[in-house]
Amino acid sequence: MSNHIRDINLWESGELKLSWVRCHMPLLSGIKEDFERTQPFAGLKIALSVHLEAKTAYLCEVLAAAGATMYVTGSNPLSTQDDVAAALVHEGLHVFALHGATPQEYMDDIRSVLQAGPDIIIDDGGELVNCIHQEFPALIPGVIGGCEETTTGILRLKALDAAGALKFPMMLVNDADCKHLFDNRYGTGQSVWDGINRTTNLIVAGKQVVVAGYGWCGKGIAMRAKGLGAEIIVTEVDPVKAMEAVMDGFKVMPMREAAALGDVFVTATGCKDVITPAEFLRMKDGAICCNAGHFNVEVAVEDLEKMAVSHRTARNNIEAYTLENGRTIYVLAEGRLVNLAAGDGHPAEIMDMSFAIQALSARYLVEHRGSLTRMLNPVPAEIDREVALRKLSYWGIQIDSLTEDQQKYLYTPSF
């Protein structure tokens, strides 16, 4: 039972949301049917920390149907939807999450799911993995392994592994083709603008949009902004990605220069201090700042609060900060993930692929228990291929296959 859900009657609203996504996530539905027969997680406990909204809840249902006892929390205090959490509680899952949780409550929820002693960890941003290593090392021998959902989490895993501190194998779900090529690009691209547009109720066409970071998420954000009629400026630290942005038709410049030009700023770097006081002071009156990276450290909101001469709530999920120069800067969703903290996250059809990779990667961990020698493991190509073929099948699309002679030509050495 959740330690937070105050009104269990919320579950009916959450069930409506779940019912909708079940109809639009055929990959997960097919995997659920398979898992109900084979029970790959029978007797196992899974700790999950992912943005707790309807698509995530359906993943939890699929894993539970496969025999797992689920311990669930969110991966961002503002992305948890209380009615969805209540729906899972109503189904008997162990849920520890609350929308708008304080930092202390948020970390207590992370600890609560870990204290169950999980066999498998499903993480989004690395909070569970980092916490279990720091605070619950005695539980580590019982962990078969884990799956990491997002770029930021993989960066944290790589740092942990480089230090020789990662103690169980992790599947790098974000790096799978059927995850990052679609979730990060098309999912982030659409959901970020869904969040911005529904929160601000302002037009995008004709505006200067500054996108910080031109990875797959940044590419998707820029592509969708262009489609909405904006002019795009990209800021980057990677020269290769900067060249990509130029060849995609966008202006590229340092953030210090872009600060004076932008109307809307979207950060998607996974790093901290992307927009700092120096940039705030150069911004136009009415500039809008928001973040699409996992943690709320990309836009230096605390620094902005300190330098502002006044602060007010301008609209739900929009804070207005007036500076000494008389200009007002708007920040959406407290600088947290704008597509989830101010929206419903990625479309269901996109998360269908991402969560299919999660479910199949978790099964892979169980099937290869004790035999994975590396701590950081790519998702096997056969899982990516299975997800892609299933998705095409649901779309009613068929593709060619190599003949035996073609396979021989491609894969047999010619010497």
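**Helix packing and selected residues**

Reply: Helix α15 and helix α16 (residues 381-395) cross at roughly 140°, and their axes come within 10 Å. Please bear in mind that this is a predicted model.

Me: What is the hand of the crossing of α15 and α16?

Reply: The crossing of these two helices, α15 and α16, is right-handed.

Me: And which residues make that contact?

Reply: From α15 the contact uses E349, D352, M353, A356, I357, L360, S361, R363 and Y364. From α16 it uses I383, D384, E386, V387 and K391. Sorted by class, the contact of α15 with α16 has 7 nonpolar, 1 polar and 6 charged residues.

Me: Let us turn to α8 and α15. At what angle do they pack?

Reply: Helix α8 (residues 177-200) packs against helix α15 (residues 348-367) at an angle of about 150°, and the axes are 9 Å apart. The angle is over 145 degrees, so α8 is roughly antiparallel to α15.

Me: In which hand does α8 pass α15?

Reply: The crossing of α8 and α15 is left-handed.

Me: Which residues meet there?

Reply: On the α8 side they are C178, K179, F182, D183, Y186 and G187. On the α15 side they are I350, M351, M353, S354 and I357. The contact of α8 with α15 comprises 7 nonpolar, 2 polar and 2 charged residues. M353 and I357 are listed for α15 in this contact, and they are also listed in the contact with α16.

Me: What about α1 and α3, how do their axes cross?

Reply: Helix α1 (residues 11-23) and helix α3 (residues 54-65) cross at roughly 75°, with axes that come within 9 Å. An angle of 65 to 115 degrees counts as roughly perpendicular, and therefore α1 is roughly perpendicular to α3.

Me: Which side chains are involved, by residue?

Reply: K17, L18, V21 and R22 of α1 make the contact with A54, K55, A57, Y58 and E61 of α3. In the contact of α1 with α3 there are 5 nonpolar, no polar and 4 charged residues.

Me: New topic: how many aromatic pairs does a search of the whole structure find?

Reply: The search finds 3 aromatic pairs. One of them is formed by F35 and F41, which are edge-to-face at 5.7 Å centre to centre, with 85° between the planes.

Me: Are F35 and F41 buried or exposed?

Reply: F35 counts as buried because its relative accessibility is 0%. F41 is likewise buried, at 0% relative accessibility.

Me: And how are Y214 and F250 arranged?

Reply: Y214 and F250 form an edge-to-face pair, 6.2 Å centre to centre with 80° between the planes. This pair links distant parts of the chain, 36 residues apart. Y214 is in the loop between β7 (208-212) and α9 (216-227), whereas F250 is in the loop between α10 (239-247) and β9 (251-252). Y214 counts as buried at 2% relative accessibility, and F250 is buried with a relative accessible area of 10%.

Me: Where is M283, and what is it in contact with?

Reply: M283 is in the loop between α12 and β11 (288-291). M283 is buried, with a relative accessible area of 0%. Leaving aside neighbours within four places in sequence, M283 is in contact with A259, F265, I275, C289, R327 and I329. The C-alpha atoms of M283 and L261 are 7.2 Å apart, and these residues are 22 apart in sequence.

Me: Last one: what does W216 touch?

Reply: Not counting residues up to four places away in sequence, W216 touches H180, L181, N184 and R185. W216 lies in helix α9 and counts as partly exposed at 33% relative accessibility.

Definitions and conventions. Residues numbered from 1 in each chain as written. Predicted model: local features only at pLDDT ≥ 70, side-chain atom pairs only at ≥ 80, totals over all residues. Heavy atoms only, no water. Axes fitted to C-alpha atoms, helices over the stretch in contact; angles between N-to-C directions. Helix = DSSP H or I, 4+ residues; strand = E, 2+ residues; numbered from the N terminus. Parallel < 35°, antiparallel > 145°, perpendicular 65-115°, else oblique. Left-handed = near helix turned anticlockwise from the far one by under 90°. Contact = heavy atoms within 4.5 Å. Nonpolar A, V, L, I, M, F, W, Y, C, P; charged D, E, K, R; others polar. Phe/Tyr/Trp six-rings, centres within 6.5 Å; stacked < 30°, edge-to-face > 60°. Buried < 20%, exposed > 50% of the residue type's maximum accessible area, 1.4 Å probe, protein only.
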